[in-house]
Amino acid sequence: MESLAQVAIDAAKKAGAAFADVRIENTVTTIIEMSDGVTKRSMASRLKGAGIRAFIDGAWAFGQTADLTPRGVRSTAASVAKMALATHNRIAERFDINGPVFKDEVRMKVKRPFEDVPIDEKIGFVKMIDDQARGFDKRIVNTRTTYGDMWTELYIANSLGTMVYIENSLPRISSTVTAKDGGSRQRAFKSVGVKGGFEEMETKRAQTVGETSSRLAIGLLSSVAAKGAVTDVIMDPVLNGVMVHEAFGHACEADNWPAHSTVLEDKVGKVVGPEHLNLSDDPTLPSLRGSFAYDWEGTKTRKRHLVKKGVLTELLHSLESSSRLSMEPNGAARAQSFMHEPIPRMSNTFMEPGDWGVDELISDTHEGVLLCEFNYGYTEPAKGQFMFQASYGYLIKNGETGQMVRDVSIAGQILEVLAKIDAVAKDFQMDAGTCGKGAQMVPDMSGGPHARIRAVPVGGM
Amino acid sequence: MAQRFVELAEKAVKAAERLGANQAEAYIGTSRSFGIDVENGSIKSASERRDAGCGVRCVVGKSIGFAYVTTLNDDDIDEAVRKSIALAKASIQDPDFVSLPSPEASYPIVRGLFDKAVEGLSPDDAAEMIVRCVDAAKEPITKRRNSIQAELSVSSGTKAIVNSLGVSQSAKTTSALIDSYITIKENGDQTSSSEYQVSRELKGIDPEWVGRTASENALRNLGSKTIEGGEMPVVMTPLAVATVIGSGFAGAINAEEVQYGRSYISDAIGSQIASERLHIVDDGLLKGGVGSRVFDAEGARSQRTEVLKEGVLRSLLHSSYTANKDKVSNTGNAYRPSYAGTPMIATSNFMIMPDRGTLDNLVSEVKKGVLCMNTGDRPNMTTGDLSAMLMEGFYIENGELRHGLKSTLIGINMRDLLKRVSRVGADTRATASMVTPSIVIESAKITSG
């Protein structure tokens with residue numbers, strides 16, 4: 001693969017590229033989905049090919065090929081370089097691509113590689129979770145259990161001399177259930193996603209995900225739709241992570257700076273929140289779904305302190321953004337697969353713990369709502385607006401939690417929300433997610449401690 | 001080319017049968033797409049993607065397996081066949097599975113799905129089109145600090161589907177997409193807006209309109225404020241309707257979701273579930289429709305299905321599996337985005353039938369309410385609860401737009417929303433697989449702050 005990568009880079013350079021890089025990938029996946037005890041989907045796939053980029057003067061071109069012969073790769077690289085040459089007459093801003101050179105091989109050590117686990121064992125695991133969810137309560141009327149595993153081998157090389165080989169191994173189990181009682185129909189979703197081999201599916205958390213999901217769905221049967229109001233909100237660790245991700249993380253992706261598409265453009269080095277607030281993105285945490293040693297451009301990663309003591313201190317960089325902004329590269333470029341171009345992305349994103357006790361935080365809240373876990377969220381960094389939706393929550397009255405509510409949305413402004421966070425607890429938890437940007441999905445994690453936001457619009461019926 | 005893909009697919013089906021499949025299906029998809037991107041008002045990158053792969057579905061007894069590969073090499077397709085069979089053999093039987101679809105006596109003719117001008121668009125012509133979009137976008141906003149992003153992409157592709165019951169079909173299609181995203185700043189205020197068009201034909205996209213409209217919308221968003229909330233009417237543009245009713249209702253009448261009891265719609269065929277002003281048709285045969293096709297993702301013939309007539313539910317959207325399970329006829333709504341997945345159920349062209357009036361007319365009839373230009377939110381498909389942010393919205397007073405809105409949410413259950421449709425406009429617009437007009441929801445809970 002190394003020699004094939006070199007063929008691509010040489011061909012792109014020869015055709016006139018100032019910078020070129022290539023990702024050669026071999027990914028094997030299995031997905032097993034079961035509903036009501038019956039297999040709905042058993043799927044195996046192999047994703048194999050090379051993605052090649054060429055750059056000259058500020059113009060990029062990208063192409064891909066599944067033909068992994070020297071001839072196939074050479075011709076794709078040459079045509080990509082020609083495309084960059086054709087585009088470079090139209091660019092407005094010239095710049096170069098610089099960055100440190102890395103040569104490394106990072107192999108993943110797993111106890112049980114996916115390919116060594118018989119398909120019957122994987123199906124048996126899914127069946128066990130599906131049965132567990134359905135057997136939890138008579139009111140569970142539908143179960144859907146999905147297992148997925150993905151093994152990736154990836155070579156990344158560029159014309160600066162970087163040549164990195166990385167491996168990744170991601171298993172995930174999820175349980176979606178529907179509960180029905182009279183006229184009330186509710187759904188719940190729980191998942192466990194980690195970085196590691198099949199042994200990671202043998203933990204207690206993974207082995208009980210069906211039961212956890214059903215317990216939530218049964219609980220939701222007695223929930224009510226929230227009433228819309230402007231109120232104080234305590235976010236649980238998972239929802240807090242989603243807030244950090246949507247309300248701030250995306251706006252810190254450095255490709256927004258040359259594009260002038262973030263409300264944080266003039267805020268680097270400035271106060272964006274209270275002094276007790278620290279937001280980080282850290283791909284070096286062990287065994288997490290959003291962790292990686294080198295990014296998809298072959299740059300070594302490290303922890304990023306996005307907000308330190310309330311000040312915006314660091315952005316998420318690709319080689320292009322660090323080169324154009326003359327900032328330190330920090331290995332945040334990610335691509336869904338070889339079919340996509342790497343762009344600045346988050347990894348494991350979280351709020352650092354503070355000093356409040358969780359009970360203390362709740363009892364200090366006169367009226368509001370404790371919101372837990374999440375359904376989804378999205379943001380527009382250029383407009384400075386975001387929203388995210390909690391799966392469920394509990395109304396708080398006089399410092400005590402009461403009635404369960406569901407599907408509660410919060411809308412807010414990126415530049416205003418951090419200032420409203422007045423208390424951060426000392427607990428900490430992360431949860432697995434998948435993040436979409438520019439039609440590319442990547443696995444990630446988000447989390448933090450419990451934290452309180454004052455006076456935000458909470459949507460409801 | 002198409003004939004070669006049919007032959008490859010036939011070979012895969014035969015191989016699967018030899019290895020013990022009772023039924024097998026091979027789906028081959030190939031595409032070539034070209035894209036060009038604008039950053040901050042200037043072209044910055046171009047890309048070319050060539051994708052070809054094969055998905056193989058095997059049935060052993062009543063168990064099903066599926067595998068795909070991202071090449072069309074013989075060895076790789078063989079690997080997909082072997083893995084698909086092995087998965088089918090290991091899977092748990094589905095007692096409701098009856099059969100893959102049989103070939104149809106005849107297939108409809110659907111016009112306007114392929115455009116030579118899209119397939120043959122040169123990089124220079126593509127660049128010229130995107131520059132026209134950017135120039136049109138610049139004009140309304142030259143006096144303000146601004147940033148223009150834009151993107152044009154064209155793609156052409158061939159799909160072939162063969163199964164062991166005799167289905168053997170292929171089709172060539174094209175599509176073109178242009179979008180523009182505008183950011184403007186003024187006196188410490190920063191806002192944005194976007195616009196896009198998608199079409200099977202090159203002449204179906206208008207770069208100047210996309211650029212200019214995005215900029216004009218962004219300008220109107222300057223000075224957005226919050227309002228006092230409460231129950232009030234909501235006017236929705238065709239884009240917002242496509243998200244909220246299009247996806248939010250289309251997903252609820254997906255027969256698989258209904259059969260499993262996961263949808264907020266259940267046992268409702270023949271019942272009045274919506275305002276009598278709502279007529280909805282799913283039309284796979286619409287000339288030039290982005291969602292149109294001759295056959296669905298399993299090779300069943302496409303059709304026009306009446307979904308909602310005067311608010312009464314007439315039909316769900318079915319694939320062969322759900323139709324067999326309910327013992328009704330298949331509506332041909334099996335869908336897969338590419339060879340890389342098993343068929344699911346989705347709309348073809350989900351069309352809300354127009355009534356009368358423009359968006360301006362609808363707004364002028366509202367005394368106090370909000371206009372939802374766009375939202376990214378969909379309802380909880382099980383409870384029907386919708387809590388949606390106005391990604392872009394306006395406050396309406398005495399029939400006129402007063403100012404843009406920020407941090408504002410709409411809350412309503414979909415079952416109420418469907419019944420509270422009090423006006424349907426005539427201004428239908430096609431967006432991907434939806435064709436929708438503006439509508440008015442009599443009242444919903446607005447929260448803002």
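A: Two residues are in contact if their C-beta atoms, placed from the backbone, lie within 7 Å. Please keep in mind throughout that this is a predicted model.

Q: What does the division of chain A look like, and how many residues of its two domains are in contact?

A: Chain A is divided into domain 1 (2–220) and domain 2 (225–459), whose C-alpha centres lie 23 Å apart. Here 37 residues of domain 1 of chain A are in contact with 29 residues of domain 2 of chain A. Among the elements of chain A that each supply at least two residues of the domain 1 side are β4 (103–106), β7 (184–193) and α5 (209–220), and that side is made up of 17 nonpolar, twelve polar and eight charged residues.

Q: How should I read the contact between chain B and chain A, and which element of chain B gives the most to it?

A: The size of an interface is often given as the accessible area lost when the parts come together. In this model the contact can be read by residue count, with 61 residues from chain B and 68 residues from chain A. On the side of chain B that touches chain A, strand β2 (residues 42–60) of chain B gives the most, with nine residues, and by class that side has 19 nonpolar, 31 polar and eleven charged residues.

Q: Which strands are joined by bridges between the two chains, and do they run parallel or antiparallel?

A: Strands of a sheet pair through backbone hydrogen bonds, either parallel or antiparallel. Strand β2 (residues 38–56) of chain A and strand β3 (residues 63–69) of chain B run parallel and are joined by four bridges, with A:Ala44 standing opposite B:Ala67 in β3(B).

Q: What is the strand order in the open sheet of chain A, and which strands are its edges?

A: The open sheet has six strands in the order β12-β11-β10-β15-β21-β20 (chain A), with mixed pairing, and its edge strands, each pairing on one side only, are β12 (311–312) and β20 (429–437) of chain A. Nine bridges join β20(A) to strand β21 (residues 440–448) of chain A, the two running antiparallel, and A:Thr434 stands opposite A:Pro443 in β21(A). Helix α6 (residues 237–249) of chain A packs on this sheet, and its direction makes about 125° with that of β21(A).

Q: Why are α4(B) and α5(B) described as roughly parallel to each other?

A: Two packed helices are described by the angle between their axes and the distance between the axes. The axes of helix α4 (residues 123–138) of chain B and α5(B) come within 7 Å and cross at roughly 30°. Angles under 35 degrees count as roughly parallel, and α4(B) and α5(B) are therefore roughly parallel to each other. Their crossing is right-handed. Residues making the contact include B:Met129, B:Ile130 and B:Cys133 of α4(B) and B:Val210, B:Gly211 and B:Ala214 of α5(B), and the residues of this contact divide into nine nonpolar, two polar and three charged.

Note on methods:
Residues are numbered from 1 along each chain as its sequence is written. Chains are lettered from A and ligands numbered from 1 in the order in which they are written. This is a predicted model: local features need pLDDT of at least 70, side-chain atom pairs count only at pLDDT 80 or more; totals for chains, interfaces and linings use all residues. Ala, Val, Leu, Ile, Met, Phe, Trp, Tyr, Cys and Pro count as nonpolar, Asp, Glu, Lys and Arg as charged, and the others, Gly among them, as polar. Two strands pair if DSSP finds at least two bridges between them. Axes are lines fitted to C-alpha atoms, for helices over the stretch in contact, and angles run from 0 to 180 degrees between N-to-C directions. Angles under 35 degrees count as roughly parallel, over 145 as roughly antiparallel, 65 to 115 as roughly perpendicular and the rest as oblique. A crossing is left-handed if the near helix is turned anticlockwise from the far one by less than a right angle, and right-handed if clockwise. Domain bounds come from an automatic or database domain assignment.
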